[in-house]
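Here's a quick tour for anyone opening this entry for the first time.

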Amino acid sequence: MDLIVPTKQTPDGFCSFHKSCSVTRRNSTSFGARLSEKGCVRVSVDCKARFQFLSDGIHCKIHEGSPKHWRKPVLAASKIETSGPNGRVQRVEKHPHELLNGREPSSVDAHSSNGYEEFESNNKLRRFVRNGELDEGFQLLESMVYSGHVPDIIACTSLIRGFCKNGKTKKATRVMNILEESGAVPDVITYNVLISGYCRSGEIDNALQVLDRMSVAPDVVTYNTILRTLCDSGKLKQAMEVLDRQLQMECYPDVITYTILIEATCKESGVGQAMKLLDEMRSKGCKPDVVTYNVLINGICKEGRLDEAIKFLNNMPSYGFHPNVITHNIILRSMCSTGRWMDAEKLLADMVRKGCSPSVVTFNILINFLCRKGLLGRALDILEKMPRHGCTPNSLSYNPLLHGFCKEKKMDRAIEYLDIMVSRGCYPDIVTYNTLLTALCKDGKVDVAVEILNQLSSKGCSPVLITYNTVIDGLSKAGETERAIQLLEEMRRKGLKPDIITYSSLVGGLSREGKVDEAIKFFHDLEVLGVKPNAITFNSIMLGLCKSRQTSRAIDFLAYMISKGCKPTETTYTILIEGIAYEGLAKEALELLNELCARGLVKKSSANQVAVRM
């Protein structure tokens, strides 16, 4: 996301919009040689990275007898359908009992058997954590506490972080509980790691519970982690309540806190309210930074007030900050989305003149805009200019161009630029290949598409579900369902689960080829797998049945469709009407068409087209 910007801590002690990074605190491997030392130095360094932002249904047989009676069941079915239903400041502090966590490494401990066992157990715990053997570390921790040993806080914090990273927050909480019960005193970093784990997994209520029971005072990182999660979840009111609590605890908000709240206020209440928060921020002596202003400019742009945003950009030096590349990218994207290409070109020139170097994102915004407008020549010019500004094009630079060539059916140019892309050391991603495969299949070049699909793995790019769906759909539409079914089996072997799009393509292809019974088999396979058929799937089966003069079965399928809670579309009814007419009952079909039209189930324009075809 181009609103993410790494930065250093500001001189006045405030830190900008950030994302807490993992804190690595390791004991010296030469600990054994330092047992006699009266103290050891603990260094905790934190980094702050800035950022902005059909169970089985009942098969209904609704008619018996002459085809002339088909009108009643279709109308009956239509009645059913229509009436129914962590950033921390760098610190260096003397910590005389870091490694034994609260136990002064006296000569008594050094020579006692229990102290040595505790020391060895903690060393082993650190090794388990360092090697990612978290479950083994957890078992050792339980054993240590049972034996009366005090576990090392730093190793336990790393264990909590490891479990949280793997999504095992319950296990992480158990580590914290064991730690507290052992007599050790977790520090604010340990609590912050657990709270951050809960927040990342969306368990905000559990994070708040940890906040309530902390045995040490929360710091600004604790509150910022919780506030960010609440704001990202659209819970601004609750976030403001947490802010009040923070102030009561005399833990004063920093620039990160206010930037989080200003961004959330822009989204929920508008820039006007966010400006009031900016004023409050200033009145409390907290100085905004360039990220704060970027948040506000982004909010102004999203409200469609581009000219005001440009004015804000130009005024930023008077606030003591120069716009950075992200500020310009926000304005540039807004200019492109509103079609102001000339202004975008001027802004690019201005930022270069002012010494603000464009980024790859800057050029990608312009390339994407020009390609959407069909201005591929200009987009290519921008692409070729990138290296002059120290920017190397990436897959996001080439993908819009390839898509543009494919859209204009210039497949030779698309493949040419794919080769250029690779020759320049930029390897296509799955989006690149999916774009190319879609265009090839639409152009009827399914053999080429299959060939490219077969080469993907050797190019280090694994096909995903949409990749297979694209080629399966292309083969099905080209009348090559046997090859499409082979691809279905291949994707299953690779652990990819077919979805409704996969089956709809196959059912449609089989129905068009007159293999309606095989299509129905796939239809039932779909239900067994728990994939709910949609109107397109039902319509494909009904079309196949009507084409094979099995309109009575198609009408049964209409009833089954409704019983499964799938609403018929206009296409459903026109397929059945044309099926009835195809079987020599044009008069009855026309009467049914008029009645469905009167009920609003078929548009008059569609009815006229159907009548002409009949």
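This is a predicted model: local features need pLDDT of at least 70, side-chain atom pairs count only at pLDDT 80 or more; totals for chains, interfaces and linings use all residues.

Before we start, one term: a residue is called buried if its relative accessible area is under 20%.

**Aromatic rings**

- How many aromatic pairs does the count come to? The tally is 13 aromatic pairs.
- Take Tyr293 and Phe321: their ring centres are 5.9 Å apart and the planes meet at 55°, so this pair is tilted.
- Tyr293 belongs to helix H13 (residues 290-302), while Phe321 is in the loop between helix H14 (306-315) and helix H15 (325-337), so the pair ties together parts that are 28 residues apart in sequence.
- Tyr293 and Phe321 are each buried.
- Another pair, Phe523 with Phe538, is edge-to-face, with 5.1 Å from centre to centre and 65° between the planes.
- Here too, distant parts of the chain get linked: Phe523 sits in helix H26 (residues 516-528) and Phe538 in helix H27 (residues 535-547), 15 residues apart.
- If you'd like to see a cluster, look at Tyr293, Phe312, Tyr319 and Phe321, which are linked by ring pairs.

**Charges over rings**

- Which ring does the charged end of Lys171 sit over? That would be the ring of Phe138, with the charged end 4.8 Å from the ring centre.
- Lys521 lies over the face of Phe522, and here the distance to the ring centre is 5.7 Å.

**Helices side by side**

- Start with helix H20 (residues 411-423) and helix H21 (residues 430-442): their axes are 11 Å apart, and they pack at an angle of about 160°. Angles over 145 degrees count as roughly antiparallel, so that's the label for H20 and H21.
- The H20 and H21 crossing is left-handed.
- On the H20 side, the residues that meet H21 are Met411, Ala414, Ile415, Leu418 and Met421. Their partners in H21 are Thr432, Tyr433, Leu436, Ala439 and Leu440.
- Next up are H26 and H28, which pack at about 15° with axes 14 Å apart. Angles under 35 degrees count as roughly parallel, so H26 is roughly parallel to H28.
- The crossing of H26 and H28 is left-handed.
- H26 brings Asp517, Ile520, Phe523 and Glu527 to its contact with H28, and H28 brings Arg553, Phe557 and Tyr560.
- Now for helix H7 (residues 188-200) and helix H9 (residues 220-232): the axes come within 9 Å and cross at roughly 5°. These two helices are therefore roughly parallel to each other.
- Val188, Asn192, Ile195, Ser196 and Cys199 of H7 make the contact with Val221, Thr222, Thr225, Ile226 and Thr229 of H9.

- Glu250 isn't a glycine, yet its phi is positive, near 60°.
- You'll find Glu250 in the loop between helix H10 (236-248) and helix H11 (255-268).
- Is Glu250 buried or exposed? Its relative accessible area is 58%, so Glu250 counts as exposed.
- Arg549, also not a glycine, has a positive phi of about 55°.
- Look for Arg549 in the loop between H27 and helix H28 (551-563). With a relative accessibility of 49%, Arg549 is partly exposed.

- Gly339 sits in the loop between H15 and helix H16 (341-353). Its relative accessibility is 42%, so Gly339 counts as partly exposed.
- Which residue is 30 residues from Gly339 in sequence and 8.5 Å away in space? It's Phe369, with the distance taken from C-alpha to C-alpha.
- Ala581 is part of helix H29 (residues 570-582). Its relative accessible area is 18%, so Ala581 is buried.
- Between Ala581 and Cys546 there are 9.8 Å in space, C-alpha to C-alpha, and the two are 35 residues apart in sequence.

Key. Residues are numbered from 1 along each chain as its sequence is written. Side-chain values use heavy atoms; hydrogens and water are left out. Rings of Phe, Tyr and Trp (its six-membered ring) pair if their centres lie within 6.5 Å; planes under 30 degrees apart count as stacked, over 60 as edge-to-face and the rest as tilted. Helices (H or I, at least four residues) and strands (E, at least two) are DSSP runs, numbered from the N terminus. Buried means under 20% relative accessible area, exposed over 50%, partly exposed in between (1.4 Å probe, protein chains only). A charge sits over a ring if NZ of Lys or CZ of Arg is within 6 Å of the ring centre and within 35 degrees of the ring normal. Axes are lines fitted to C-alpha atoms, for helices over the stretch in contact, and angles run from 0 to 180 degrees between N-to-C directions. Angles under 35 degrees count as roughly parallel, over 145 as roughly antiparallel, 65 to 115 as roughly perpendicular and the rest as oblique. A crossing is left-handed if the near helix is turned anticlockwise from the far one by less than a right angle, and right-handed if clockwise. Contact means heavy atoms within 4.5 Å.
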